[in-house]
Amino acid sequence: MKIITADLPQYDTLEIYPLADVHTGDPLQDKKRLKQYMAEVLAEDNRYVIVNGDIINNAVRHGVSDIYTEELNPNQQIDATVALLEPVKDRVLVITEGNHENRTYKQDGLLIMYQVAQRLGIAHTYSSGAYLLFVKFGKSKGRNCRKMPYAIYGKHGTGGGRKVGAKAIRLFEMAEVIDADIFLHSHTHIPMVLRKTFYRVDYRNEKATPIEQLFINTNAFLTYGGYGEDAGFPPSSTMYPKIILSGIERRVKAVI
């Protein structure tokens, strides 16, 4: 995994908007919902973005997407992605590849989202796969009034099965890799917010401390039809989750 650090201003709260499964070029892209998302991010200064893969549809001959119905060819999809992210490029915390972008890497060794990040001048936020993002912002109530730190472990993700329960299991399995405050997964197109609480042993003070973890699966910006309908998958919500962090006390939540 790649370690990425974002040292942000002293906001009382920080809002992070994951952006994934946009599928630019797919004729079923929900352009109205995507426009709403971008306008909402830009409405407040404390709103930032994690670009979590499958931003372009990238239909290719060796993939399952239909190359004959694409609205844009792959080069045009890359141009459209750069244009989409240009207004929020200074708010991007992480940008990573999805399985649709990785079709080109597997075939030709080209990392598409890396090219996008370079064109936007934010290559320092790029990760080819899983990442651990440290976010520091605000001012804690502690004696030293330091910025409040949070750790987010994320990746585009894979698999998950046909049932919602199987997708939730795949999301929860991320905590088997690393200990973090927030876990972010995409790919399965089901917006989902889950919580987990456990007790961490504190050897120094001989006590058990309750720990809260937040698990988030992102939506897709797609209306129903095409491959998903043909394969028998049910329609899924296009409502997008938002992560809300406190800069004053350790508190995490997410809403859809």
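The model is predicted.

The secondary structure of the chain comes to six helices and 12 strands. The radius of gyration is 19 Å, which agrees with the value near 18 Å that a compact globule of 256 residues would have. Along its principal axes, the C-alpha trace spans about 65 × 40 × 35 Å. Buried residues account for 50% of the 256 residues. Among contacts between residues at least 6 apart in sequence, 71% join residues at least 24 apart.

Charge comes next. The chain carries 32 positive and 29 negative side chains, and the centres of these two sets lie 6 Å apart. Side chains of opposite charge can pair when their charged atoms come close. A search of the whole structure finds 12 salt bridges, and three of them are described here.

Another salt bridge joins Lys 242 and Glu 40, whose closest N and O atoms are 3.3 Å apart. Because Lys 242 lies in strand β11 (residues 242-246) and Glu 40 in helix α1 (residues 31-42), the pair ties together parts that are 202 residues apart in sequence. Both Lys 242 and Glu 40 are buried.

A further salt bridge is formed by Glu 249 and Arg 251, with 2.3 Å between the closest N and O atoms. Glu 249 is partly exposed, at a relative accessible area of 36%, and Arg 251 is partly exposed as well, at 43%.

Finally, the backbone deserves a look at two places. Asp 54 has a phi near 55°, a positive value in a residue other than glycine. Asp 54 is found in the loop between β3 (47-51) and α2 (74-85), and its relative accessibility is 1%, so Asp 54 counts as buried. His 189, also a residue other than glycine, has a positive phi near 70°. The loop between β8 (182-185) and β9 (192-202) holds His 189, which counts as partly exposed because its relative accessibility is 21%.

Terms used:
Residues are numbered from 1 along each chain as its sequence is written. This is a predicted model: local features need pLDDT of at least 70, side-chain atom pairs count only at pLDDT 80 or more; totals for chains, interfaces and linings use all residues. Side-chain values use heavy atoms; hydrogens and water are left out. Helices (H or I, at least four residues) and strands (E, at least two) are DSSP runs, numbered from the N terminus. Buried means under 20% relative accessible area, exposed over 50%, partly exposed in between (1.4 Å probe, protein chains only). The radius of gyration is taken over C-alpha atoms; the globule rule is 2.2 Å times the number of residues to the power 0.38. Contact means heavy atoms within 4.5 Å. Lys and Arg count as positive and Asp and Glu as negative; His and the chain ends are not counted. The place of a charge is taken as NZ of Lys, CZ of Arg, CG of Asp or CD of Glu. A salt bridge is a side-chain nitrogen of Lys or Arg within 4 Å of a carboxyl oxygen of Asp or Glu.
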